[in-house]
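Dear colleague,

I am passing the structure on to you with this message, and below it you will find my notes on what came out of the analysis. Please read them with the sequence and the coordinates open beside you.

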2 protein chains.
Amino acid sequence: MWRLFALYMEKRTEIGEIGEFGLINHLALQFTGNQDWTELGIGDDTAVLDPKGNKVVTTTELLIEGVHFDLAYTPLQHLGFKAVSVVLSDIAAMNAIPTQIMIGLGLSNRFSVESVDALYEGIRLACEEYKVDVVGGDTTSSPQGLILSMAATGVVEADKLVKRGTAKANDVLCVSGDLGAALMGLHSLEREKQVFLSNPEMQPELEGKSYVVLRQLKPMARFDIIHELRELGVVPTSMIDCSDGLASEIIHLCNASGLGARIFEKNIPIDDETYLSATEFNLSPLTAALNGGEDYELLFTVSQEDFPKVEKIADVTAIGYMTNIRDERVMVMKSDSIVNLTAPGFGNS
Amino acid sequence: MWRLFALYMEKRTEIGEIGEFGLINHLALQFTGNQDWTELGIGDDTAVLDPKGNKVVTTTELLIEGVHFDLAYTPLQHLGFKAVSVVLSDIAAMNAIPTQIMIGLGLSNRFSVESVDALYEGIRLACEEYKVDVVGGDTTSSPQGLILSMAATGVVEADKLVKRGTAKANDVLCVSGDLGAALMGLHSLEREKQVFLSNPEMQPELEGKSYVVLRQLKPMARFDIIHELRELGVVPTSMIDCSDGLASEIIHLCNASGLGARIFEKNIPIDDETYLSATEFNLSPLTAALNGGEDYELLFTVSQEDFPKVEKIADVTAIGYMTNIRDERVMVMKSDSIVNLTAPGFGNS
C-alpha cells in the first residue's frame, strides 16, 4: 500500500507546461458537488455557501513539509486524505456537519502535475468519505518543499453547537477510539526510514505495525461518533478533538470551562498494537496516549443523565469526570496514587 | 515610514519561552470584536459565524516569503496589513461584506515574539480598517522563512451576490482606481535593495516613488467602491479583483461569461508616478497596467442602464465594453490599431 519515496512517478509533466490556471482547471474538474450547501465552488473569487439558517463554523490548518510530514514515507495520496481529516476534525469537535474545504498549495519545483494529481487523489477520496466539496484552490510556488494550507467550513443548528468552555462539574469525560497509536506509527515509519537510508536494498519491515502505521498515515475525523450522538439525541456539554495528546486537550477543556478533571489510568483506551510497539521502542504506552497527539479522536463531556445513552456507543470510553476544583487536572493510577496531568505547548513555566 | 531589514527589533523574546498556546493567547488578546456576525472567535476548535439568513462567501490566500514578499524591504507591519487586504479583496469582488479572517503562521526560528507582534500590528490595523474579526489562529514552525496562510469569510444578500460569469454583451467594463502602480513600487524597492546590498552605507532613495511604493507595500481592498455601488443601488453584472493584472482579469471575465471584450488604451487609468517610474525603468506603462498585478482594484461590468449612476463615482473609469464575439479580447490603441490581450498563467499555449 505504501512505499518509500512517494515522489516517484512514472510520468512527469512540469506545472509550467499547463500554467497556474491550467492546473487549477485540471484540479477543479475532478470535483463534483457532494453538498447542496455549496452554491458556488471553484472558479470565482470566492466560494459561496448557503447555510439555510444554520450557524457556520470555519477553521484552518497549515501543514508544512519537514515539520508536519515527511514524504520519504508518506504517500502523497495518504497526505491528501490526512490533510482533509485533520482540518475536518476541528469541525467535528464543534458537533457540526462539514460542508466545504479550500486548499492552498505551495509547490517547489520538484513537484510535477502527476505528483499534485496523487495528492488530489487522496483529497478526493476524503471528500467522498466526508461528503464535502472542494470549493477553492490557490496554487503557488514554494522555495522549499510542499506547503498545504487547508480551510474548512461546516454548518450546525444553533442548539447543537458544542464549545469547549461549557462542561459542568460531575459531567462524564468520554473519549472515542483509542490513543497513542499515531505516535507509534510515526516511530515505526521513522525507524524504517533510517534502515532504508543506511541500506537502500532493504525493504521496509512493518509486520505487526499495520494498525499504528494506518493511524499515522490515514487518520479519520470521527463524524461517525457525531452522527451516533445525534441519533441518540445527545448533545455533549463540551468537546475538543485530540490533535495534541489527551493531556493537552483535557487541560484545554478544563481551562475553558473553569473546572478540574479527574481521569483513571485503567480506563484510558490503548490498542494492543500501540502497547506492544511502545514497549518495543522502550516508551511508556501511557505517555504515548497522554502526550502522543495526532490521534484525532473526540474528547467530550456528557451529563450524568445522558451517560447511559452514550455508554451504548461501542467506540466510546468513559475515562473520568469533571470536578469543581479548578486546579485539579489529575490521573488516578492503577496503583491508586495520583499524578498531575502535564502537556507541552503551554509555555516554559 | 519604512526601513530596510524589517526583522531588526530592539527586544527579542524566543517563541519557545511563551509556548505555542502562550503565543496564540498573546495574539488573541489583541483582537476585540468588530462584527456582530461573529458568535465565537479565537479559543475553540473553530470559529462560529451567524450569517442571519445571508449567503456566506469564503476564500484563502497562501503568502510565502521569497515568493510573495521580501522582508528586506517589507516592514512586517505592512506585510500584515497587505495580507489582510489581499484576502479581503476577493470578498469585495463578490460584492460581499467582509466579516472574519483566520491566520495560519509558519515561522522559522529567526522570528521572535516581537517580530510576530509587528506583523500582528499591521493585521490589527487592517482589521480596524475593514471592520473584520480575527477568529482563528494556527501557528507552527517552518523550516525556512515566513509562511502566511490567510482565510476570510464574508456575508452577502442573495440578490447582491456578483459572480464572474454573468456579464452581458454591451455591458460597460469599469475599473476602480489606477493600474500598474504596485509593479512600479516593486521595481523601485528591488532597485534600492540592490543598491543597499552593494553598499550598506547608502540610504534608500525613493524620492518621487511614495505613491507606487505605498501601492506595493500597503494595497487597499476597495470596499469603498462596494459601499458606493450599494448606496447608488447598483449591482454590477459581473466582477473580479485585479490581482494578476488587468489583461488576465478581463480574460477571466470573458471566459466565465462566454463573451468577448473591447477596451480602449486611452481610457486605461495610469497614475503619473506610475508612468514616470515605468519610463525610468525602460518599461512600458501600458504593459505595467495590463500585466503588472497586485493592484487589487475592482474590475466590473454594469448595464448600460446603470452606467450613468456609476459614472458619478470619482474613482471609477469606464475602459470598454463586453461583446458577443467570444474570441475577441482586444484593445483599441490610441493609433486606432487593434491588439489582442494576452496574459501569463493560462499555460504555454
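In what follows, two residues are said to be in contact when they have heavy atoms within 4.5 Å. Please also keep in mind throughout that this is a predicted model.

Gly106(A) belongs to strand S4 of chain A, which runs over residues 97–107, and with a relative accessible area of 0% Gly106(A) is buried, since buried means under 20%. Leaving aside the neighbours within four places in sequence, Gly106(A) is in contact with Thr140(A), Ser142(A), Gly145(A), Leu146(A) and Ile147(A), and also with Leu62(B) and Ile64(B) of the other letter. As for Leu27(A), this residue is 79 residues apart from Gly106(A) along the chain, and the two C-alpha atoms are separated by 15 Å.

Chain A as a whole

The secondary structure of chain A comes to 10 helices and 13 strands. Along its principal axes the C-alpha trace of chain A spans about 65 × 55 × 40 Å, and its radius of gyration of 21 Å agrees with the value near 20 Å that a compact globule of 349 residues would have. If one takes the contacts in chain A with a separation of 6 or more, 86% of them are accounted for by residues 24 or more positions apart.

Helices H5 and H8 of chain A

Two packed helices are described by the angle between their axes and the distance between the axes. For H5(A) and helix H8 of chain A (residues 272–280), the angle is about 95 degrees and the axes are 8 Å apart, which makes H5(A) roughly perpendicular to H8(A). On the H5(A) side the contact involves Ser210(A), Tyr211(A) and Val212(A), and these meet Glu273(A), Thr274(A) and Ser277(A) in H8(A). Sorted by class, the residues of this contact are two nonpolar, three polar and one charged.

Lys209(A) lies in the loop between helix H4 (181–198) and helix H5 (210–217) of chain A. Is this lysine, Lys209(A), buried or exposed? With a relative accessible area of 4%, Lys209(A) is buried, and, apart from neighbours within four places in sequence, Lys209(A) is in contact with Ser188(A), Arg191(A), Glu273(A), Ser277(A), Glu280(A) and Phe281(A).

Helix H6 of chain B

In chain B, helix H6 covers residues 210–217, and its buried residues are Val212(B), Val213(B), Arg215(B), Gln216(B) and Leu217(B). These buried residues pack against three helices of chain B, namely H3 (76–92), H5 (181–198) and H9 (272–280). The axes of H6(B) and H9(B) come within 8 Å and cross at roughly 95 degrees, and the two helices are therefore roughly perpendicular to each other. Ser210(B), Tyr211(B) and Val212(B) of H6(B) make this contact with Glu273(B), Thr274(B) and Ser277(B) of H9(B), and the residues involved divide into two nonpolar, three polar and one charged.

Within H6 of chain B, Arg215(B) may deserve a look of its own. At 11% relative accessibility Arg215(B) counts as buried, and, not counting residues up to four places away in sequence, Arg215(B) touches Asp178(B), Ala181(B), Ala182(B), Glu294(B), Asp295(B) and Glu297(B). Arg215(B) and Leu283(B), which are 68 residues apart in sequence, are 18 Å apart in space, C-alpha to C-alpha.

Two residues with positive phi

Lys52(A) has a positive phi of about 50 degrees although it is not a glycine. Lys52(A) sits in the loop between strand S2 (47–49) and strand S3 (55–64) of chain A, and at 46% relative accessibility Lys52(A) counts as partly exposed.

Tyr296(B), which is likewise not a glycine, has a positive phi of about 55 degrees. Tyr296(B) is found in the loop between helix H10 (285–291) and strand S10 (298–302) of chain B, and at 7% relative accessibility Tyr296(B) counts as buried.

Note on methods
Residues are numbered from 1 along each chain as its sequence is written. Chains are lettered from A and ligands numbered from 1 in the order in which they are written. This is a predicted model: local features need pLDDT of at least 70, side-chain atom pairs count only at pLDDT 80 or more; totals for chains, interfaces and linings use all residues. Side-chain values use heavy atoms; hydrogens and water are left out. Buried means under 20% relative accessible area, exposed over 50%, partly exposed in between (1.4 Å probe, protein chains only). Helices (H or I, at least four residues) and strands (E, at least two) are DSSP runs, numbered from the N terminus. Axes are lines fitted to C-alpha atoms, for helices over the stretch in contact, and angles run from 0 to 180 degrees between N-to-C directions. Angles under 35 degrees count as roughly parallel, over 145 as roughly antiparallel, 65 to 115 as roughly perpendicular and the rest as oblique. Ala, Val, Leu, Ile, Met, Phe, Trp, Tyr, Cys and Pro count as nonpolar, Asp, Glu, Lys and Arg as charged, and the others, Gly among them, as polar. The radius of gyration is taken over C-alpha atoms; the globule rule is 2.2 Å times the number of residues to the power 0.38.
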